[in-house]
Amino acid sequence: MREILFEYELHPTTWVYISSLMTIGIYFKFGRFWSIRNLDILLLIAYAPGLLMVAGHRPEWVQRLGYSWLFTLSGMMLVRMLLDTWMVRRPLLEPNLSASGLIFTCIAMLVFLSTNVITESLKESEVTGALLADHVLQKKELPEADILGERPSVGYPLFHIFANFSDRPVPKDTPPEQVERALIRRAVTRSLALLAHLAVVLGLIVIGYRHFENTHTGMAMASLYLLQPYTAQTTPRLDHVTPAALLVWAAEAYRRPGIAGALIGLAGSLIVYPLLLVPLWCGYYWRRGRWRFLIALGAVLLGMTVSLLWISKDKETFLRQLRQMYGLEEIVGMLQASPPTEPGAGFWHFYIAYYRIPVFVAIVVLVGSLAIWPPQKNYATLLSCSAAVMLACQFWHMPGGGTYLNWYLPLALLMIFRPNLEDRIATTAVVPAEATWLVHLFPALRAKTPSSLPSAPGGPTTSTSS
């Protein structure tokens, strides 16, 4: 960035102060000091100190304090998300900046974040990631040493190798041919990361325009997403932003269960945890659209499972990668209570790993209960409870647990800025099967959808003060 802007130097801590002040100035409602919106803004800002404490090579006691901070704050945010369905009053609280100002802020932030990613120096993980990707694609055995340092044990194996990122610079004795491969990998992965962030931004804007019927609100959500210190710290991280982009567009396509199911299935095949959303979304689609949702979800998962044969050397390798893809390796590790040894591994590195078992049970109970509670689900329920499920995963995820805010941050922004959406129930909002191509492949779906019901709500309520 110094090559573009003269003497430009922006330390992460400095950016926390600047972005926090900008967030308060643009979004804090000074005329309604005790509003829930102000509490939400302060909760988002409060994540920054914890993220700073766990970033980089901090002393162990600082990292321990940082992860404890993030887990405590995540617990408060989880309660806020679960209580959101009872908050019927949704007064329209527009940001303090005009739509034109928000558009300028959004574009400026995209330019700065993109430039930082493009001009950042080559990292060691990009060399090792390129090496391991070649091993996988050529169906060779991976090196015995864990040269990636932190290896997630859940999700699609090739995705995590491809998305791995660290802040360590490239060693000086790296062979030139490896550096050349790493440069190609950097160009691909960082371009995909920027495209994923752009997809999140566009998804928030489109939801604001189409489903909230307020473009100003859409721009406000997109700008706040880009202003977050977390977004600036993890801009190149594909494993953070790719699931977020898929879940945002699944929320945008909620009226079409097939598309939503395919997107959630793809996100779940990459990092497993979005599959925990299936009971909630099936509960929403139960009266209309559940089979389209499940068929699309299953088709994507089947395709991703079959693709493991392409990168598996033998049956044993395939079964091991299959267990990793669906999180079985992580469950076995939890039962063995074997915490990782590297200091940056997450919250459970510093605490007794057996405590993960009751946490896992609590998450399973939460996920199962959302299939039947609340009994009358609407679009607001999908947004808040989906964010709650993805946040709850942070309490169990081992490597870097608590730091994957992007898995639920865009959904949380949709929850914070949403209008009253009580009329968006499945029987009125979901497109009937007769209007989709899926009915031609599965004619039995035609009889399951009453054609006499309206295909769309009469129009959303952008605000209510009742």
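Modeller: Helices (H or I, at least four residues) and strands (E, at least two) are DSSP runs, numbered from the N terminus. This is a predicted model, in which local features need pLDDT of at least 70 and side-chain atom pairs count only at pLDDT 80 or more, while totals for chains, interfaces and linings use all residues. Residues are numbered from 1 along each chain as its sequence is written, and side-chain values use heavy atoms, with hydrogens and water left out.

Colleague: What average pLDDT does the chain have?

Modeller: pLDDT is the predictor's confidence in each residue, from 0 to 100. A score of at least 70 is reached by 85% of the residues. The average over the chain is 85.

Colleague: Over which residues does pLDDT stay under 50?

Modeller: Where pLDDT is low, the predicted coordinates should not be read in detail. Residues 144–151 stay under 50, and the model gives them 18 contacts (heavy atoms within 4.5 Å) beyond four places in sequence. The other stretch has 47 such contacts, and pLDDT stays under 50 there too, over residues 449–466.

Colleague: Is L195 buried or exposed?

Modeller: L195 sits in helix α7, residues 176–210. Buried means under 20% relative accessible area, exposed over 50%, partly exposed in between (1.4 Å probe, protein chains only). L195 has 53% relative accessibility, so it counts as exposed.

Colleague: What part of the 466 residues in the chain is buried?

Modeller: The figure is taken over the 466 residues of the chain. Of these, the buried part is 55%.

Colleague: Which residues does C106 touch, not counting those up to four places away in sequence?

Modeller: C106 belongs to helix α4, residues 99–119. Its relative accessibility is 4%, so C106 counts as buried. Y225 is 119 residues away from C106 in sequence, yet the two C-alpha atoms are 9.1 Å apart. The residues C106 touches are V201, M219, A222, S223 and L226.

Colleague: Which backbone oxygen does the side chain of T115 reach?

Modeller: T115 is also in helix α4. With 13% relative accessibility, T115 counts as buried. Its side chain comes to 2.7 Å from the backbone oxygen of V111.

Colleague: With which residues is A245 in contact, leaving aside neighbours within four places in sequence?

Modeller: A245 is placed in helix α10, residues 238–252, and because its relative accessibility is 9% it counts as buried. Between A245 and L263 there are 18 residues of sequence separation and 9.4 Å from C-alpha to C-alpha. The contacts of A245 are A196, A199 and V200.

Colleague: How far is the backbone oxygen of L270 from a polar atom of the side chain of H160?

Modeller: H160 is part of helix α6, residues 157–163. H160 counts as buried because its relative accessibility is 11%. From a polar atom of the H160 side chain to the backbone oxygen of L270 the distance is 3.4 Å.

Methods. Polar contact = N/O pair within 3.5 Å; in protein donor to acceptor, adjacent residues only side chain to side chain.
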